[in-house]
Amino acid sequence: MSSEKPFHISISDKKLDLLRHKLELCVFPDELEDAGSDYGVPLSDMRRLVDYWKTGFDWRAQEAAINAELSQFTRDIEVDGFGTLNIHYGHQKSKAVDAIPLIFVHGWPGTFLEARKLIPLLTDTSPAHPSFHVVALSLPGNGFSQAPSKRGFGIAQYAEVAHKLMLALGYTKYVTQGGDWGSFITRAMALNYGDKHVKAWHTNMPVGFAPPITRRPIAYLRHLLTPYTAVEKAGAQRTEWFEKQQRGFWLQQSTRPQTIGYSLTDSPVGLLAWIYEKLVAWSDEYPWTDDEVLTWISIFLFSRAGPTGSIRIYYETYQSSGVFALVPQRPSIPMGISVFPGDLAVKPISWYTTNGNLVFSNNSHTKGGHFPAHEVPDALAKDLRNMFGKGGPAFAVVPGRNGHQ
């Protein structure tokens, strides 16, 4: 592994000029009367966003703000069987000497920027709560990290990159937080590097299944005899909605990512529609501003590998059954979960006990969707503080680093 190099986002004027030219040439499709969002992104939304992208959005201001808020770096990481990849990451240290090292692992359509609001909350120092050193990497093929050039780069390899990055930063014992793909990647980290290096893991997108009668007969009977609460019924409705109305992207990206990749890479408007739809539908009525949306989309557009690099994880994982092989395995290290009502798969809290050593859970959130670090960062930070703080079930899980001054 090479030494760390400082990194600042600096998109060339040539790329910005090309973007403006492509936006000028945009041809919109027609739209049916009273279509709303039933058929996809409303035409009125797209016209507004594209017009603002052309005439009002200031990427240079957003670029400068990100660079000012987050210390960023790159480093070469050797991945077994895949050579060396240059990895981009944000690394924000707390002023607390014994702060807890935590790596934030994003999913799709997230990036390292998803942790932007969460990082200052976690690095804050106070006698009332623990403090963290936070690392937010760009997964290989995402953001400003190099993409693998060989087939077969799956969950185990993403986990390897994240783990080796923490070791390179001197964090030989640490904790993890992730949602979406980050949930599966941090599960793999808990399985592959747990106890010796990964001391606990927290996810805001836990995988839940009904307790199996063969392995957990008492939990199975309790599940059959206990009526669902109002919260759990609402979660079932949200899950059913996602399965029936939102699964199309998964089928495309897990079978033919290269095909959709041509559109996402060549057309900024196509990329905007593809991801904007998810930002709105998968969040819990979060009031996205046009600046937030276009900054989020710009990270994909200007990413080192291009937007296609971010979606190949679906193909590699689905074709190898990587996710399904991980789920039955139960990491032994402490696990914490936060369940948000607007997420994509919201199951009864009892279903999550089958998938890990569950020591902390909170399904009482009344707001928040698939992007809680961005939508409700205070709520997610509070859960992490309650899990790892004094009196919490994972307090002092990292030797010599309890997070308190």
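Pro-109 sits in the loop between strand S4 and helix H4 (118–123), where helices (H or I, at least four residues) and strands (E, at least two) are DSSP runs, numbered from the N terminus. A cis peptide bond links Trp-108 to Pro-109, with omega at about 0 degrees. Keep in mind that this is a predicted model: local features need pLDDT of at least 70, side-chain atom pairs count only at pLDDT 80 or more, and totals for chains, interfaces and linings use all residues. Residues are numbered from 1 along each chain as its sequence is written, and side-chain values use heavy atoms, with hydrogens and water left out.

**Overall build**

- The protein's secondary structure comes to 16 helices and nine strands.
- Its radius of gyration is 21 Å, close to the 22 Å that the globule rule gives for 405 residues, so the protein is as compact as a globular protein of that length. The radius is taken over C-alpha atoms, and the globule rule is 2.2 Å times the number of residues to the power 0.38.
- Along its principal axes, the C-alpha trace spans about 60 × 50 × 45 Å.

**The sheet**

- Strands of a sheet pair through backbone hydrogen bonds, either parallel or antiparallel.
- Here, nine strands make an open sheet in the order S1-S2-S3-S5-S4-S6-S7-S8-S9, with mixed pairing; two strands pair if DSSP finds at least two bridges between them.
- At the edges are strand S1 (5–7) and strand S9 (357–362), each of which pairs on one side only.
- From one strand to the next, the twist averages 30 degrees. Axes are lines fitted to C-alpha atoms, for helices over the stretch in contact, and angles run from 0 to 180 degrees between N-to-C directions.
- Strand S3 (residues 83–92) pairs with strand S5 (residues 132–137) in the antiparallel sense over four bridges, and Gly-90 stands opposite Ala-136 in S5.
- Helix H5 (residues 155–168) lies across strand S2 (72–79), S3, S4, S5 and S6, and runs at about 120 degrees to S2. Contact means heavy atoms within 4.5 Å.

**Cavities**

- A search of the whole structure turns up two cavities of 30 Å³ or more. On a 1 Å grid over the protein atoms alone, a cavity is a set of points where a 1.4 Å probe fits but cannot get out, and lining residues have an atom within 4 Å of a point. Grid points are joined across faces, edges and corners, and a volume is the space filled by probe spheres set on the points.
- The largest cavity has a volume of about 100 Å³. Of the 18 residues that line it, the closest to its centre are Gly-107, Glu-114, Gly-179, Asn-204 and His-370.
- Strand S4 (100–105), strand S6 (174–178) and helix H15 (372–375) each give at least two residues to the lining of the largest cavity.
- The second largest cavity has a volume of about 40 Å³, and its lining includes Gly-107, Trp-108, Tyr-158 and Ser-310.

- Asp-195, in the loop between helix H6 (181–193) and strand S7 (198–203), has a positive phi of about 75 degrees although it is not a glycine.
- Ala-396 lies in the segment after helix H16 (377–388) and has a positive phi of about 60 degrees, although it is not a glycine.

Notes:
1 Å grid on protein atoms, 1.4 Å probe; cavity = no way out; pocket = protein on both sides within 12 Å on 5 of 7 lines; lining within 4 Å.
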